[in-house]
Amino acid sequence: MLRLLLRWLLVLIVGIPFCVYIGAASLKSYLDTPLNLQADEKIEVPAGMSLTRLANQLADEGLLTLPQLFTAYARLTDQTAIRVGEYQLDAGINPRQLLDLLISGKVVNYQLTFPEGLSFKEWRAILAEQPKLTKKLSGLTVQELLQQLSLDIEHPEGWFFPDTYLYSAGDSDYDVLLQSHTRMRKILAEEWKSKSEGLPFNTPYEALILASIVEKETGVGSERGEIAGVFVRRLKNGMRLQTDPTVIYGLGDKYQGNITRSHLKQPTAYNTYVINGLPPTPIAMPGREAIHAALHPVKGKSLYFVAKGDGSHYFSATFKEHAQAVKRYQLKRRSNYRSSPGS
């Protein structure tokens, strides 16, 4: 009896470590064996998906073998908190690396660029075109959209900062707009703190309005400060801004690409050939350079400018000089062209 017990004890002493060794070697081999990928692939982990469900799904798709062993290893190493998003699976990735990737949250990022000078309507069109972006704001009116965003503004124009933003699958248009709005408020506040003295407006919002006009009028970046200087001097002198982009914005969908004399006479809240001072809201999304220019206008005497046809402008201090510049640069090229600002 004693001999039998000793034999079983010997079997256990030798067998258990051997089984552990074989099991550990098998697990290591499994974890280091590449997944069954034909090429680089992406997988998406939606909100609420558990590691077990994901492992079974990957097994059903033929990408992962032994999903139970995969999840058992994850629990053994306390690595079950996978993160939501889309992941790039490179050729050669193994189960161990897959788990590390899912835990890391290193999701695939997409770029979304809003150039300076676009309108809010154009921003919404860009957002609608993003295939991986969840559309929470589609179909809403502007006021409904602002309510959804809980923004303390009455009109969206100008309040979102043009830049390149990163997003991942599962993010929404709501997230992108909130991020860009937060950036605009931060940058506007920073620029307002260092503004020049003696400006003809009293609030950051008025500076944002002027910056949007500067943005729309600028063809050469180095001229922003000088263009802002023209508008600031006109405001100080009680002159109307007479800038075509405000007229175009006020026309809305009625504008078909050609501004006419009748358009310049048509009363709207934005027609600066008709109204005094600034329009009621911005007319586009200005970048930081335009905001800086509106708050740091270049000093000088020019009250007029006209496009020269190469993106730059000719600046004039008197209407006589301006009229000559219009004749030189514009009237010969296109008889119905309006320079900005005019007389």
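**Helix 8**

I started with helix 8 and found it mostly covered, with 10 of its 14 residues buried. This is a predicted model, so I am reading everything below with that in mind. The buried ones I noted down are Ala207, Leu208, Ile209, Leu210, Ala211, Ser212, Ile213, Val214, Glu215 and Glu217. I then looked up what these residues pack against: helix 7, helix 9, helix 10 (244-251), helix 12, strand 5 and strand 6.

I also checked the length of helix 8. With 14 residues at 1.5 Å a residue it should span 20 Å, and the end C-alpha atoms sit 20 Å apart, which agrees.

**Tyr205**

Next I picked out Tyr205, which also lies in helix 8. Setting aside neighbours within four places in sequence, I find Tyr205 in contact with Trp159, Pro280, Thr281 and Pro282. I also took the C-alpha separation between Tyr205 and Gly158, which comes to 9.1 Å although the two are 47 residues apart along the chain.

Trp159 turned up again when I looked for charges over rings: Arg185 lies over its face, 4.5 Å from the ring centre. Another such case is Lys136, which lies over the face of Tyr174 at 5.7 Å from the ring centre.

**Nonpolar cores**

Which residues touch the most other members of the largest nonpolar core? I got Phe114, Phe160, Leu177, Leu210, Phe231 and Ile291, out of 52 residues in that core. At least two core residues each come from helix 5 (120-128), helix 6 (142-149), strand 4 (164-168), helix 7 (173-193), helix 8 (204-217), helix 9 (224-236) and helix 12 (288-295). Helix 8 gives the most, with seven residues.

Not counting residues up to four places away in sequence, Leu210 touches Phe201, Phe231, Val232, Leu278 and Ala294. Apart from this core I found another one, of 25 residues, and Tyr30, Leu35, Leu37 and Leu102 are among them. As background for myself: in soluble globular proteins, nonpolar side chains tend to be buried together.

**Aromatic rings**

My count of aromatic pairs is 11. I looked at Phe305 and Phe315, whose ring centres are 5.7 Å apart with the planes at 50 degrees, so I logged the pair as tilted. This pair links distant parts of the chain, with Phe305 in strand 5 (residues 304-307) and Phe315 in strand 6 (residues 313-316), 10 residues apart. Phe305 and Phe315 are both buried.

Then I took Tyr314 and Tyr329: centres 5.9 Å apart, planes at 35 degrees, so this pair is tilted too. Here Tyr314 in strand 6 is linked to Tyr329 in helix 13 (residues 319-331), 15 residues apart. What did I get for the accessibility of Tyr314? It comes to 26%, so Tyr314 goes down as partly exposed. Tyr329, at 17%, is buried.

Last, I traced a cluster in which ring pairs link Phe114, Phe120, Trp123, Phe160 and Tyr165. I had already met Phe114 and Phe160 on the list for the largest nonpolar core.

Key: Residues numbered from 1 in each chain as written. Predicted model: local features only at pLDDT ≥ 70, side-chain atom pairs only at ≥ 80, totals over all residues. Heavy atoms only, no water. Phe/Tyr/Trp six-rings, centres within 6.5 Å; stacked < 30°, edge-to-face > 60°. Helix = DSSP H or I, 4+ residues; strand = E, 2+ residues; numbered from the N terminus. Buried < 20%, exposed > 50% of the residue type's maximum accessible area, 1.4 Å probe, protein only. Lys NZ or Arg CZ within 6 Å of the ring centre and 35° of its normal. Core = buried A, V, L, I, M, F, W, Y, C linked by side-chain atoms within 4.5 Å. Contact = heavy atoms within 4.5 Å. Expected span 1.5 Å × (residues − 1).
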